[in-house]
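This report goes through selected backbone and packing features of one model. Please keep the sequence and the structure open alongside the text.

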Amino acid sequence: MSFGKNLRIDPDRLWDCLMEMAEIGPGIAGGNNRQTLTDDDAKGRAVFQKWCEDAGMTMGVDTMGNMFATRAGEDPEALPVYMGSHLDTQPTGGKYDGVLGVLGGLEVIRTMNDLGLKTKHPIVLTNWTNEEGTRFAPAMLASGVFAGKHGQDWAYDRVDADGKRFGDELQRIGWVGDEKVGDRKMHAMFELHIEQGPILEAENKDVGVVTHGQGLRWIECTVTGKESHTGSTPMSMRKNAGRGLALVTELVHEIAMKNQPNAVGAIGHIDVYPNSRNIIPGKVIFTVDMRTHLLDKLNGMVAEFMERAPKLCEEIETEFSCEIVGQFDPPAFDEGCVGAVREAAEELGYTHMDIVSGAGHDACWINDVAPTAMIMCPCVDGLSHNEAEEISKEWAQAGTDVLLHAVLKTAEIVE
């Protein structure tokens with residue numbers, strides 16, 4: 001069903017809402033530090049709940065703190081159409097990562113209210129808890145519990161850098177709901193998100209139609225050598241764990257490059273021991289991040305890494321060990337939902353292209369339990385997880401307009 005090019009959201013209202021949320025948990029350089037289960041997270045949740053209730057929705061919260069604001073449909077037996085993302089941020093996060101998907105969804109509801117639109121299916125707007133995974137690893141924790149990927153007890157026992165438990169902090173900020181997590185059933189789900197990459201801007205496209213998400217493997221590695229004096233140990237007699245790190249770093253890059261397109265790899269977190277200026281490192285612990293959207297390719301990349309990395313370290317008289325500490329297989333989003341997104345972009349006259357999500361999102365887990373799709377808008381220079389993250393009001397409108405039309409098509413307008 002086509003709704004016409006004139007059915008669009010209010011971009012100024014959406015932008016004002018984004019800026020108002022950004023005042024909660026401000027960063028130090030123009031972005032946000034609203035980490036999950038902090039006092040600022042609680043404040044953001046309370047404001048979001050008020051906005052939803054002012055828009056006529058009813059709020060439900062499950063035992064992982066996931067928030068579900070419902071706009072009633074005309075058919076009480078029809079399963080709801082969901083939309084949303086997350087309000088938590090990185091410690092030095094931007095104002096749009098996740099937040100656009102939540103507040104864009106709110107703008108969809110407000111626009112429907114303005115026009116008096118009714119739908120057969122209820123519409124539910126969601127704020128997923130702890131998508132970022134910075135304070136409590138892993139990322140997408142609560143949507144993972146919802147989708148049955150993690151147990152709730154296991155999730156509650158995740159601890160932050162100060163040893164505080166997820167479950168205790170959720171209780172402390174007052175957002176433990178009474179709904180059993182995962183009990184809700186969905187007709188479909190849509191997640192609007194900034195791209196967090198440079199492709200859409202470089203291609204001068206208004207909208208990304210996300211067909212797949214990238215699968216991910218986090219491999220925690222340890223290279224063990226021998227601590228010794230940097231000045232008095234001959235080069236030929238060194239067992240330098242830091243050199244092992246360097247060789248493995250280059251290996252990761254090599255494997256990713258020969259698996260193009262849509263394959264990436266890098267080393268992020270690194271701990272060096274004893275981390276002294278004049279001691280050759282005796283041990284280095286680091287995490288390899290490998291991603292691509294094809295499962296066979298991802299498994300092949302990991303297999304090659306695990307075969308070659310120990311040999312590289314053995315050649316310099318160091319030892320290598322590793323284990324996979326985080327993983328999810330690449331999702332292919334629902335063809336019907338993806339089609340609704342593509343059709344909406346075309347009907348509205350927005351330039352668009354198919355794209356693979358380079359980052360993990362809550363939609364990647366929900367895709368396993370309900371038909372799901374994602375919509376992406378460009379971000380300046382592809383910069384994200386940075387306080388300098390920026391989008392334009394026009395990009396925000398384009399993505400949210402497409403979200404509006406895709407949701408209405410799926411939820412079925414009642415005349």
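## Backbone with positive phi

Glutamine 196, at 18% relative accessibility, counts as buried, a word that here means under 20% relative accessible area, with exposed meaning over 50% and partly exposed in between (1.4 Å probe, protein chains only). Although glutamine 196 is not a glycine, its phi is positive, at about 65°, and its place is in the loop between β6 (188–194) and α7 (199–202). Helices (H or I, at least four residues) and strands (E, at least two) are DSSP runs, numbered from the N terminus.

Leucine 37, likewise not a glycine, has a positive phi of about 60° and lies in the loop between α1 (11–22) and α2 (39–54); leucine 37 is buried, with a relative accessible area of 0%. For context, most residues other than glycine have a negative phi, and most peptide bonds are trans.

## Basis of the values

This is a predicted model, in which local features need pLDDT of at least 70 and side-chain atom pairs count only at pLDDT 80 or more, while totals for chains, interfaces and linings use all residues. Residues are numbered from 1 along each chain as its sequence is written, and side-chain values use heavy atoms, with hydrogens and water left out.

## Cis peptide bonds

The peptide bond from alanine 137 to proline 138 is cis, with omega near 5°, and proline 138 sits in the loop between β5 (123–127) and α4 (141–146). Tyrosine 273 and proline 274 are also joined by a cis peptide bond, with omega about 5°, and proline 274 is found in the loop between β10 (263–273) and β11 (279–280).

## Packing of α3 and α12

Helix α3 (residues 99–115) packs with helix α12 (residues 393–411) at an angle of about 60°, their axes being 9 Å apart; axes are lines fitted to C-alpha atoms, for helices over the stretch in contact, and angles run from 0 to 180 degrees between N-to-C directions. That makes α3 oblique to α12, since angles under 35 degrees count as roughly parallel, over 145 as roughly antiparallel, 65 to 115 as roughly perpendicular and the rest as oblique.

The contact (heavy atoms within 4.5 Å) involves residues including Leu100, Gly104 and Val108 of α3 and Ala396, Leu403 and Leu408 of α12.

## Cysteines

The structure holds zero disulfides, a disulfide being a pair of cysteine sulfur atoms within 2.5 Å. The sulfur of cysteine 364 is 14 Å from the closest cysteine sulfur, in cysteine 337, which is too far for a bond. Cysteine 337 is buried, with a relative accessible area of 4%, and cysteine 364 is buried, with a relative accessible area of 3%.
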